[in-house]
Amino acid sequence: MGWADPKGMRSRMSAAADDIRADAGQPVIEVRDVTVRFGGVLALDGVSFDIRAGAILGLIGPNGAGKTTLFNCLSRLYTPSSGDIRLLGRTILRQPAHKMAGMGIGRTFQNVASFHNLTVRDNVRVGAHSASRSNVASDALRLPSARRSEREIDRAAQELIDWLELGEVADRLVAGLPFGWQKRVELARAMAAKPKLLLLDEPAGGLNHDEVQELGGLILKVRDEGDVTVLLVEHHMGLVMSVSDRVVVLNFGRKIAEGTPEEMQKHPEVISAYLGGGDE
Ligand SMILES: Nc1ncnc2c1ncn2[C@@H]1O[C@H](COP(=O)(O)OP(=O)(O)OP(=O)(O)O)[C@@H](O)[C@H]1O
């Protein structure tokens, strides 16, 4: 298991972020007793945890533990067989998946879901659209309100491009960019919708050591400066242990442990789940 903290990543956390965590009271997301059955398979079995405002929660577990299933429940691709998921106190389970961005839940995709034949800037603009007040009718008629919101979207996209240091590739097609840059675009696209909760689906997949370091810095930056709470589903233990405030560990669909990264690295059940599972 590579539990190591990538060098320096954690020390880059700002004092401001420590304050946010110290004050964090209100849970942004409450997962309550969530159970998911696929026919005879119990993919999740009564899983509960909270994510507090401004926190980064790492969700880990060996292959088949239920991480993707839980992620898909949070993004409303799956509906739990029982249990509840509340965003800022309100259930999300009565809303369809396409309403999640509007409700404040943003996500990135494992295999990068950015539009490859659009420029970086246009990808970020697409993300910003879901946070804008424009609608199809006013856009089509090019009413003054639509023009104003287009200007707002352009400005918001430029701010994000500057903030996430995408300026040098802003007008290039995503298709031609190295994978590490594509992941950065994916993060910018998700952040453009101004999510309250950002779901990151194995963002380190396919990245080399230096790119994982950079990604860790970016995740901390979006949390520290972007006023967002983060759920990180990830196999890369170095990344999870260095950026997460708390870690939830699943095994065979059940939560077997929850605590700080330091606590989880010493937890006997966590160690044996990983050793038993033959995972990283
Ligand atoms: N659509 C599905 N139909 C049937 N069974 C499923 C489905 N999706 C997941 N499962 C089963 O549910 C369990 C949990 O799977 P899940 O993909 O959530 O685990 P995971 O922790 O994300 O694993 P990995 O790290 O390999 O991605 C597994 O036993 C899996 O085979």
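This is a predicted model: local features need pLDDT of at least 70, side-chain atom pairs count only at pLDDT 80 or more; totals for chains, interfaces and linings use all residues.
Which residues of helix H4 are buried? I would like to start there, and the answer is that Val120, Arg121, Asn123, Val124, Arg125, Gly127 and Ala128 are buried in H4, where buried is the word for a residue with 20 or more other C-beta atoms within 10 Å of its own, exposed means 12 or fewer, partly exposed is in between, and the C-beta atoms are placed from the backbone. Helix H4 covers residues 120–129 and is mostly covered, since 7 of its 10 residues are buried.

Residues are numbered from 1 along each chain as its sequence is written. When I speak of helices (H or I, at least four residues) and strands (E, at least two), I mean DSSP runs numbered from the N terminus.

Let me turn to the domains, whose bounds come from an automatic or database domain assignment. The protein chain is divided into domain 1, which is made of 1–99 + 196–280, and domain 2, which is 114–194. Between them, 10 residues of domain 1 are in contact with 8 residues of domain 2, contact here being defined as two C-beta atoms, placed from the backbone, that lie within 7 Å. On the side of domain 1 that touches domain 2, helix H8 (residues 209–226) provides the largest share, with 6 residues. That side divides into 6 nonpolar, 2 polar and 2 charged residues, where Ala, Val, Leu, Ile, Met, Phe, Trp, Tyr, Cys and Pro count as nonpolar, Asp, Glu, Lys and Arg as charged, and the others, Gly among them, as polar.

Next comes the ligand. What surrounds the ligand? Its shell consists of Phe38, Val41, Ala43, Gly61, Asn63, Gly64, Ala65, Gly66, Lys67, Thr68 and Thr69, a residue being near the molecule if its C-beta atom, placed from the backbone, lies within 6 Å of it. By type, the shell divides into 4 nonpolar, 6 polar and 1 charged residue. Strand S2 (41–52) and helix H2 (67–74) each supply at least two residues of this shell, and H2 gives the most, with 3 residues.

Helix H2 is largely enclosed by the rest of the structure, because 6 of its 8 residues are buried. Those buried residues are Lys67, Thr69, Leu70, Phe71, Cys73 and Leu74, and just after H2, Arg76 takes a positive phi of about 70°.

Strand S2, the other contributor, belongs to an open sheet of 4 strands with the order S2-S1-S4-S5 and antiparallel pairing, where two strands pair if DSSP finds at least two bridges between them. The edge strands are S2 and S5 (90–91), each of which pairs on one side only. Strand S1 (residues 27–38) and S2 pair over 8 bridges in the antiparallel sense, and Phe38 has Val41 in S2 as its bridge partner. In the hairpin of these two strands there are 2 residues between them, and Gly39 takes a positive phi near 55°. On pairing with strand S4 (residues 82–87), S1 forms 5 bridges, again antiparallel, and Arg32 stands opposite Asp84 in S4.

I would also like to describe the interior. Leaving aside its neighbours within four places in sequence, Leu231 is in contact with Ile51, Leu57, Leu59, Leu74, Leu197, Leu199 and Leu200.

Finally, two individual residues. Ala190 lies in helix H7 and is buried, with 25 other C-beta atoms within 10 Å. His116, found in the loop between strand S6 (105–107) and H4, is partly exposed, with 14 other C-beta atoms within 10 Å. His116 and Val174 are 58 residues apart in sequence, yet their C-alpha atoms are 4.8 Å apart in space.
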